[in-house]
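Hi,

Here is the structure I said I would pass on. Have a look at it first, and then read my notes below.

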Amino acid sequence: MNNKEFSIAIPQRFFSDVSDEPFENCNVCNKYLLENDVPYVVEKALRNYEGHDFSSTIYEFAICQDCHTKMQKSMSEESLQSLQKYYGEVMTKKGPQPIVLDMNNFDMDNWLSKCFFEGNEISDMKEYQIVAQFKGPQLIMNTPPIIIGETAMKQMAELLSEKTTDEMNGFRDQFLGPAPEIEELIYGKKLILI
Ligand SMILES: [Zn+2]
(Lines give C-alpha, C1' and ligand atoms only; values in the text may rest on other atoms or scores of the structure.)
Protein backbone atom coordinates (compact mmCIF):
# COMPACT_ATOMS: atom_id res chain seq x y z
CA MET A 1 0.00 0.00 0.00
CA ASN A 2 1.39 3.38 -0.89
CA ASN A 3 -1.25 5.38 0.92
CA LYS A 4 0.27 8.28 2.78
CA GLU A 5 -0.51 8.28 6.48
CA PHE A 6 -3.23 10.72 7.52
CA SER A 7 -3.82 11.53 11.13
CA ILE A 8 -5.73 14.13 13.10
CA ALA A 9 -5.70 15.37 16.69
CA ILE A 10 -7.82 13.17 18.94
CA PRO A 11 -11.46 14.32 18.72
CA GLN A 12 -13.23 14.76 22.03
CA ARG A 13 -15.60 11.86 21.41
CA PHE A 14 -12.61 9.53 21.82
CA PHE A 15 -11.58 11.03 25.14
CA SER A 16 -12.06 9.00 28.26
CA ASP A 17 -15.42 9.79 29.86
CA VAL A 18 -13.74 9.45 33.22
CA SER A 19 -11.08 12.15 32.77
CA ASP A 20 -12.53 14.09 29.82
CA GLU A 21 -9.00 13.91 28.38
CA PRO A 22 -7.39 11.49 25.91
CA PHE A 23 -6.69 8.04 27.37
CA GLU A 24 -3.22 8.09 28.90
CA ASN A 25 -2.54 4.43 29.65
CA CYS A 26 -3.23 0.99 28.25
CA ASN A 27 -6.01 -0.53 30.36
CA VAL A 28 -4.24 -3.89 30.31
CA CYS A 29 -0.49 -3.27 30.77
CA ASN A 30 -0.61 0.40 31.82
CA LYS A 31 1.84 1.51 29.13
CA TYR A 32 1.80 5.30 28.57
CA LEU A 33 0.10 5.97 25.23
CA LEU A 34 0.49 9.62 24.38
CA GLU A 35 4.09 9.71 23.20
CA ASN A 36 6.43 8.28 20.57
CA ASP A 37 3.81 7.10 18.13
CA VAL A 38 2.68 4.32 20.47
CA PRO A 39 -0.04 2.45 18.53
CA TYR A 40 -3.26 1.70 20.39
CA VAL A 41 -6.99 1.18 20.00
CA VAL A 42 -9.84 2.90 21.82
CA GLU A 43 -13.18 1.24 22.03
CA LYS A 44 -16.43 2.49 23.53
CA ALA A 45 -19.85 0.96 23.79
CA LEU A 46 -22.69 3.46 23.85
CA ARG A 47 -26.35 3.28 24.67
CA ASN A 48 -29.12 5.46 23.26
CA TYR A 49 -32.24 6.40 25.16
CA GLU A 50 -35.50 6.33 23.28
CA GLY A 51 -36.90 9.79 22.74
CA HIS A 52 -33.75 11.44 24.06
CA ASP A 53 -30.97 13.02 22.14
CA PHE A 54 -28.00 11.72 24.08
CA SER A 55 -26.14 8.50 24.54
CA SER A 56 -24.23 7.24 27.53
CA THR A 57 -21.08 5.14 27.65
CA ILE A 58 -21.56 1.56 28.81
CA TYR A 59 -17.86 0.80 28.82
CA GLU A 60 -14.70 2.26 27.36
CA PHE A 61 -11.10 1.20 27.18
CA ALA A 62 -7.77 1.87 25.53
CA ILE A 63 -5.49 -1.03 24.71
CA CYS A 64 -1.99 -0.86 23.25
CA GLN A 65 -1.21 -2.78 20.10
CA ASP A 66 0.95 -5.35 21.92
CA CYS A 67 -1.86 -6.26 24.28
CA HIS A 68 -4.37 -6.14 21.45
CA THR A 69 -2.32 -8.59 19.40
CA LYS A 70 -2.05 -10.91 22.40
CA MET A 71 -5.80 -10.88 22.86
CA GLN A 72 -6.41 -11.52 19.17
CA LYS A 73 -4.10 -14.51 19.36
CA SER A 74 -6.29 -16.00 22.04
CA MET A 75 -9.10 -16.25 19.52
CA SER A 76 -9.64 -19.74 18.20
CA GLU A 77 -8.91 -20.52 14.57
CA GLU A 78 -12.55 -21.35 14.14
CA SER A 79 -13.71 -17.95 15.40
CA LEU A 80 -11.22 -16.11 13.26
CA GLN A 81 -12.33 -17.95 10.15
CA SER A 82 -16.00 -17.29 10.84
CA LEU A 83 -15.32 -13.60 11.29
CA GLN A 84 -13.25 -13.44 8.13
CA LYS A 85 -16.09 -15.03 6.26
CA TYR A 86 -18.50 -12.47 7.70
CA TYR A 87 -16.25 -9.55 6.70
CA GLY A 88 -15.79 -11.04 3.26
CA GLU A 89 -19.55 -11.22 2.78
CA VAL A 90 -20.01 -7.65 4.00
CA MET A 91 -17.33 -6.32 1.66
CA THR A 92 -18.82 -8.24 -1.26
CA LYS A 93 -22.19 -6.65 -0.53
CA LYS A 94 -20.60 -3.21 -0.50
CA GLY A 95 -19.40 -3.78 -4.05
CA PRO A 96 -16.05 -3.20 -5.71
CA GLN A 97 -15.95 0.59 -5.51
CA PRO A 98 -13.46 1.95 -2.97
CA ILE A 99 -14.41 4.06 0.01
CA VAL A 100 -13.11 7.56 -0.63
CA LEU A 101 -12.36 9.86 2.28
CA ASP A 102 -11.74 13.47 1.33
CA MET A 103 -9.64 14.67 4.22
CA ASN A 104 -10.22 18.35 3.36
CA ASN A 105 -13.97 18.01 3.75
CA PHE A 106 -14.20 15.13 6.16
CA ASP A 107 -17.33 15.07 8.31
CA MET A 108 -16.72 12.80 11.31
CA ASP A 109 -20.33 13.00 12.54
CA ASN A 110 -21.61 11.87 9.19
CA TRP A 111 -18.98 9.12 8.87
CA LEU A 112 -19.86 7.85 12.33
CA SER A 113 -23.63 7.99 11.91
CA LYS A 114 -23.98 4.47 10.50
CA CYS A 115 -22.77 0.95 11.17
CA PHE A 116 -19.72 0.28 9.02
CA PHE A 117 -20.87 -3.26 8.33
CA GLU A 118 -24.64 -3.15 8.03
CA GLY A 119 -25.17 0.52 7.14
CA ASN A 120 -27.98 1.06 9.65
CA GLU A 121 -28.23 4.41 11.46
CA ILE A 122 -27.03 4.66 15.06
CA SER A 123 -30.00 6.89 15.87
CA ASP A 124 -32.20 3.80 15.40
CA MET A 125 -30.09 1.63 17.69
CA LYS A 126 -30.23 0.94 21.39
CA GLU A 127 -26.57 0.13 21.54
CA TYR A 128 -23.46 0.37 19.39
CA GLN A 129 -19.69 0.34 19.58
CA ILE A 130 -17.14 2.77 18.27
CA VAL A 131 -13.58 1.67 17.55
CA ALA A 132 -10.65 3.85 16.52
CA GLN A 133 -6.90 3.52 16.12
CA PHE A 134 -4.28 5.93 17.33
CA LYS A 135 -0.58 6.64 17.44
CA GLY A 136 0.34 8.68 20.49
CA PRO A 137 -1.74 11.88 20.40
CA GLN A 138 -3.06 11.29 16.86
CA LEU A 139 -6.06 9.48 15.43
CA ILE A 140 -5.05 7.44 12.37
CA MET A 141 -7.38 8.01 9.45
CA ASN A 142 -5.90 5.32 7.20
CA THR A 143 -7.81 2.88 9.35
CA PRO A 144 -10.67 5.26 10.12
CA PRO A 145 -12.86 4.89 13.18
CA ILE A 146 -15.84 2.64 12.65
CA ILE A 147 -19.25 2.08 14.19
CA ILE A 148 -20.20 -1.49 14.95
CA GLY A 149 -23.97 -1.45 15.23
CA GLU A 150 -26.06 -3.74 17.43
CA THR A 151 -26.99 -6.04 14.53
CA ALA A 152 -23.36 -6.48 13.50
CA MET A 153 -22.33 -6.93 17.17
CA LYS A 154 -24.88 -9.69 17.55
CA GLN A 155 -23.81 -11.40 14.36
CA MET A 156 -20.14 -11.30 15.30
CA ALA A 157 -20.83 -12.54 18.81
CA GLU A 158 -22.71 -15.51 17.37
CA LEU A 159 -19.75 -16.35 15.15
CA LEU A 160 -17.34 -16.62 18.03
CA SER A 161 -16.76 -20.10 19.38
CA GLU A 162 -17.46 -20.91 23.01
CA LYS A 163 -13.75 -21.30 23.60
CA THR A 164 -13.01 -17.80 22.35
CA THR A 165 -15.93 -16.30 24.21
CA ASP A 166 -14.77 -17.90 27.45
CA GLU A 167 -11.28 -16.59 26.96
CA MET A 168 -12.44 -13.09 26.32
CA ASN A 169 -14.97 -12.95 29.10
CA GLY A 170 -12.50 -11.89 31.72
CA PHE A 171 -11.80 -8.71 29.86
CA ARG A 172 -15.03 -7.92 28.11
CA ASP A 173 -18.15 -9.56 26.80
CA GLN A 174 -17.72 -9.34 23.12
CA PHE A 175 -15.51 -8.84 20.16
CA LEU A 176 -12.47 -6.65 20.44
CA GLY A 177 -12.43 -5.03 17.03
CA PRO A 178 -10.89 -6.12 13.78
CA ALA A 179 -7.84 -8.39 13.88
CA PRO A 180 -4.89 -7.16 11.80
CA GLU A 181 -5.46 -9.61 8.96
CA ILE A 182 -9.12 -8.66 8.85
CA GLU A 183 -8.26 -4.97 8.85
CA GLU A 184 -6.43 -5.47 5.59
CA LEU A 185 -9.64 -6.87 4.17
CA ILE A 186 -11.79 -4.05 5.50
CA TYR A 187 -9.60 -1.06 4.91
CA GLY A 188 -6.53 -2.01 2.95
CA LYS A 189 -7.90 -2.62 -0.48
CA LYS A 190 -10.92 -0.43 -0.46
CA LEU A 191 -10.01 2.81 1.20
CA ILE A 192 -8.64 5.85 -0.58
CA LEU A 193 -7.68 8.99 1.28
CA ILE A 194 -7.42 12.18 -0.70
ZN1 LIG B 1 -0.88 -2.79 26.82
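Helices here (H or I, at least four residues) and strands (E, at least two) are DSSP runs, numbered from the N terminus.

Two housekeeping points. Residues are numbered from 1 along each chain as its sequence is written. This is a predicted model, where local features need pLDDT of at least 70 and side-chain atom pairs count only at pLDDT 80 or more, while totals for chains, interfaces and linings use all residues.

Now the overall picture. The protein chain has 6 helices and 8 strands, in the order β-β-β-α-α-β-α-β-β-β-α-α-α-β. Of its 194 residues, 24% count as buried (20 or more other C-beta atoms within 10 Å of a residue's own; exposed is 12 or fewer, partly exposed is in between, and C-beta atoms are placed from the backbone).

Just after α2 comes G95, with a positive phi of about 85°.

α2 also meets α4: their axes come within 8 Å and cross at roughly 145° (axes are lines fitted to C-alpha atoms, for helices over the stretch in contact, with angles from 0 to 180 degrees between N-to-C directions). S79, S82, L83 and Y86 of α2 are in contact with Q155, M156 and L159 of α4, where contact means C-beta atoms, placed from the backbone, within 7 Å.

Next, the core. The largest nonpolar core has 26 residues, and Y40, A62, C115, I147 and I148 touch the most other members. (Such a core is a set of buried Ala, Val, Leu, Ile, Met, Phe, Trp, Tyr and Cys residues joined through C-beta atoms within 7 Å.) β2 (39–48), β3 (55–64), β5 (127–135), β7 (146–149) and α4 (150–159) each supply at least two of its residues.

What about β7 itself? I146 and I148 point one way and I147 and G149 the other, and all are buried. Leaving aside neighbours within four places in sequence, I148 has contacts that include C115, F117 and M153. β7 runs antiparallel to β5, joined by 4 bridges (strands pair if DSSP finds at least two bridges between them), and Y128 stands opposite G149.

Cheers

Notes. Two residues are in contact if their C-beta atoms, placed from the backbone, lie within 7 Å.
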